[in-house]
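Subject: The structure to look through

Hi,

Here is the structure I promised to pass on. Could you open it beside this email and follow along?

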Amino acid sequence: LARLPTAEARLKRSLLGQLYAEVRGWPASAFRRSYVGKGHGGQERAFKVKFLGEGVNDYGGPYRAVFEQLADELQWDRFGDAAVTQAPAAAATAQAEAEIAKAAGGAGAGAVAAPDSSGEDDRGSPAPGATPGATTTAAVPKPADGALALLPVLVPSPARQGGVDGESADRFVLNPSRDMATPAALDLFSFVGVMWGVAVRHRLTVPLALPSVVWRPLSGEPVTPEDLFAINPGLRALLGTVRPPSASALAAVDATFTAQLSDGSSVELVPGGAGIRVTPANWRAWRRLAIWRHLSEAEVMLRALREGVRAVLPAELMPLFSPRELAALFCGEEDVNVDELRRATRFGDGYSATSPQVLWLWEVLSEATPQDRSAFLRFACARSRLQSTAGGGKALQIELPTGRARDNPDAWLPSSQTCFSQLALPAYSSKAVLRAKLWHAAWEALTMDADVRLHSAEGWADL
């Protein structure tokens, strides 16, 4: 997808684009409905999903996976040279795999097989022998259209583009390009807002890394210069003071009455602004105009996004939430709280809260990085953020696998039925084995393919 030359081509082939083409004509009432199918694990939904080329039945897991995939596509900006990238847990996992192989006399964990299972939307086992957590990314050069991200809806913030450290360094912002201010493009922003609202109605999250310049307006609060400096810290030196810099400092940066927006485009703050140099005498006027222009760079896009949300959710209630609370409601907490997950877990056949393997699991998750914990939750439940457990809901069920995995557990990987948030965890002999197998499965099993056996190339023929 990233190799397609234009934003239009990438959008058309993306999940977002396919979903947009399929349901854009639906009335708003269709997105506000919430029905639960029989045997669907209690997952509320507005539509049912079919993934072409994957042997999966949608009993809830694929529906949740749609919203996760939307976030992945909207926030993909990893253009660059080919590299072998290790997932956060890869080093420790590789060491554990070596220890397991040594203890087994050379029969390593690569001798794994897919567990016997007929559960809905099971995660398939990774290919035997794959290095746990290691992903080889082929060279993906910048597309011909110079895009900063895979899809044109979001762009990485200036802080992310510059690799700046900080709380908001990894954020994305709405694309302020004038090409995204057309009626067709604004309709796409509105559709993203609709899908966002659908997720909230159905107690799901869309894990987008958005900054306060998005959340404050949605909650009815004004944005401030500090919101701007959080995502564009390079502006603080010139715009973050109350007294004008010296004439030499302004001359050194060749400041004019223009502003460079997050997509890299430059706009004039006043007619002919590119020819007006900033001096200590006119600095205050420039500062006021520059801050306003940066903070409002994607105002029309945000308005369209908000209108989409309003079509599905009662927008008059949004000001009841603080910006942080609203972000948690729409996107979930960025880190998986292991204590909350433990309290929201129930146990099936063969396990209890005091089983050694269960205790090892909590220890492994506690020792992991936030990215690892999200990968585990996505593997087990088709969500990367914890759902609300209000009303007694449970986030996860852990049970022993069926079939041959009970006879020789160390040779098998975990599997999951994401529709029902069920994790089939073999009774591993040690914490090291559990760690290795868990991260191997969580980082390598990226498709749902254990429901049905496909006998065609459906969905793959034109690739």
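First, the ground rules. This is a predicted model, in which local features need pLDDT of at least 70 and side-chain atom pairs count only at pLDDT 80 or more, while totals for chains, interfaces and linings use all residues. Residues are numbered from 1 along each chain as its sequence is written, and side-chain values use heavy atoms, with hydrogens and water left out.

**Helix packing**

Helices (H or I, at least four residues) and strands (E, at least two) are DSSP runs, numbered from the N terminus. Please start with helix 7, residues 183-201, and helix 13, residues 299-310: they pack at an angle of about 40°, with axes 6 Å apart. Axes are lines fitted to C-alpha atoms, for helices over the stretch in contact, and angles run from 0 to 180 degrees between N-to-C directions. Helix 7 and helix 13 are therefore oblique to each other; angles under 35 degrees count as roughly parallel, over 145 as roughly antiparallel, 65 to 115 as roughly perpendicular and the rest as oblique.

Where do the two touch? Contact means heavy atoms within 4.5 Å. Helix 7 uses L186, F189, S190, V192, G193, V194 and W196 to meet V300, M301, A304, L305, E307, G308 and V309 in helix 13. These residues divide into ten nonpolar, three polar and one charged. Here Ala, Val, Leu, Ile, Met, Phe, Trp, Tyr, Cys and Pro count as nonpolar, Asp, Glu, Lys and Arg as charged, and the others, Gly among them, as polar.

Helix 7 also meets helix 4 (residues 61-74). Their axes come within 11 Å and cross at roughly 140°, which makes helix 4 oblique to helix 7. Y63, F67, L70 and L74 of helix 4 and V192, M195, V198 and A199 of helix 7 make this contact, with eight nonpolar, no polar and no charged residues.

On to helix 2 (residues 15-23): its axis and that of helix 4 come within 9 Å and cross at roughly 120°. That makes helix 2 oblique to helix 4. L15, L16 and L19 of helix 2 touch V66, Q69, L70, E73 and L74 of helix 4.

**Empty spaces**

Rolling a probe the size of a water molecule over the atoms shows where empty space is left. On a 1 Å grid over the protein atoms alone, a cavity is a set of points where a 1.4 Å probe fits but cannot get out, and a pocket is an open set with protein on both sides within 12 Å along at least five of seven lines; lining residues have an atom within 4 Å of a point. Grid points are joined across faces, edges and corners, and a volume is the space filled by probe spheres set on the points.

How many cavities of 30 Å³ or more does a search of the whole structure find? It finds two. The largest cavity, about 60 Å³ in volume, is lined by L16, L70, L74, V192, M195, W196, V206 and L208. Helix 7 gives the most to this lining, with three residues. The second largest cavity holds about 50 Å³ of space, and its lining has nine nonpolar, no polar and no charged residues.

Finally, the second largest pocket has a volume of about 620 Å³. Of its 26 lining residues, the closest to its centre are A7, P152, N175, D179 and M180. Helix 1 provides the largest share of that lining, five residues.

Happy exploring!
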